[in-house]
Amino acid sequence: MKTGQKTFLGGSLTAAVVWILVSGAALAADPAADPLPSWNDGPTKQAILSFVKEATDKSSAKYIVPEDRIATFDNDGTVWCEQPVVELVFTEARLKELAAKDPTLKDKQPFKAALEGDREYFEKAGMKAVLELVVATHGNMSQNQFETEARDFFKTAKQPKFGVPFAQTAFLPMVELLQYLRANGFQTWICSGGWMDLMRMVTQEAYGIPPQQVIGSSLKEEWVEKDGKYVVWLLPELLSICDHAGKPVDIDLHIGKRPVLAAGNVRTGGDIEMLRYCQSRKGPTFQLMVNHDDAVREFAYGEKNHESLDAAKKNGWTVVSIKDDWKRVFAFER
């Protein structure tokens, strides 16, 4: 897949990410060190520390056996920056190739908006429009071909505001939280409306989460013979939209247990059902809702109907203020 200079700029994927993982491992190895150094001291940080302490203390009434310590995190906007949506950036190059063969796509939505760089359209249309693009642009190819294109993308593509590879826009406080949970016997999973096969190419390096612990939206697949070889073939048919009510369903399908901790973010209301699903589990649970309120260090945006924040207030979920709760947002910050 060829990438245009405007959208995809050169860069290294792993430099800052390796630094995050190495420094985090060093912290985890020292029991006296602060496990969440990029979090400001306050109610949010203390709530997280208290939950983990009680969940791992066998003498506590809130003790959780290791096999039940499952934590699910949304991806876009929860553990890395979602402005712009990476799935949309990734599909642009592929869409341009298709439009060159079929010019009528230039007059059809959501293809027209993608080709014209109309971000506002996708802000209003949401993940469903992004997924429509994905179905059209990433079907009819082998899984191996898709993985090759995805790896090439993450080697060169940069986030436009910060000028760094997308993997380096992982939120440092959330990477620390993921490491802290794993150090205390939790399984950490990604459960996102984003594209599962795309996320699987970067989550290990960005967050330390292996591809088999990534749940997301996906296409139907089949095992077929192509040019004398058998391959997994991606069909141009949607299998799952892992968003809103689809998240609990996909968690049950892939994990088979409710999470004891779930984290999402304010933007579309797409994470509410996952947090409700977590909270309805019998026994101790913990829910996080990331609020994007820092226009200087990241972005400031929300929902017109305040759906996610209202749900957090009603259900007693912990709201993370990027502006107030995080000392640093990204590893590349000075």
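How are α3 and α6 oriented to each other, and why?

A: Happy to. This is a predicted model, in which local features need pLDDT of at least 70 and side-chain atom pairs count only at pLDDT 80 or more, while totals for chains, interfaces and linings use all residues. Residues are numbered from 1 along each chain as its sequence is written, and side-chain values use heavy atoms, with hydrogens and water left out.

Let's start with the pair you asked about. Helix α3 spans residues 86-101 and helix α6 spans residues 127-138; they pack at about 45°, and their axes are 9 Å apart. Helices here are DSSP runs (H or I, at least four residues) and strands are runs of E of at least two, numbered from the N terminus. Axes are lines fitted to C-alpha atoms, for helices over the stretch in contact, and angles between N-to-C directions run from 0 to 180 degrees. α3 and α6 are therefore oblique to each other, because angles under 35 degrees count as roughly parallel, over 145 as roughly antiparallel, 65 to 115 as roughly perpendicular and the rest as oblique. The crossing is left-handed, a name used if the near helix is turned anticlockwise from the far one by less than a right angle, with right-handed for clockwise.

On the α3 side, E87, L88, F90, T91, R94, L95 and L98 meet V130, L133, V134, A136, T137 and H138 of α6, where contact means heavy atoms within 4.5 Å. Eight nonpolar, three polar and two charged residues make up this contact (Ala, Val, Leu, Ile, Met, Phe, Trp, Tyr, Cys and Pro count as nonpolar, Asp, Glu, Lys and Arg as charged, and the others, Gly among them, as polar).

α3 has another partner in helix α7 (residues 143-156): their axes come within 11 Å and cross at roughly 110°. These two helices, α3 and α7, are therefore roughly perpendicular to each other, and their crossing is right-handed. V86, V89 and F90 of α3 touch F146, E149, A150, F153 and F154 of α7. That contact holds seven nonpolar residues, no polar ones and one charged.

A cavity is a set of points on a 1 Å grid over the protein atoms alone where a 1.4 Å probe fits but cannot get out, a pocket is an open set with protein on both sides within 12 Å along at least five of seven lines, and lining residues have an atom within 4 Å of a point. There are two cavities of 30 Å³ or more.

The largest cavity holds about 140 Å³. It is lined by 15 residues, with D74, E82, M127, D243 and T268 closest to its centre. Strand β5 (residues 187-195) supplies the largest share, three residues, and the lining has two nonpolar, six polar and seven charged residues.

Finally, the largest pocket contains about 360 Å³ of space. Among its 15 lining residues, E123, K124, G126, R267 and T268 lie nearest the centre.

Technical notes. Grid points are joined across faces, edges and corners, and a volume is the space filled by probe spheres set on the points.
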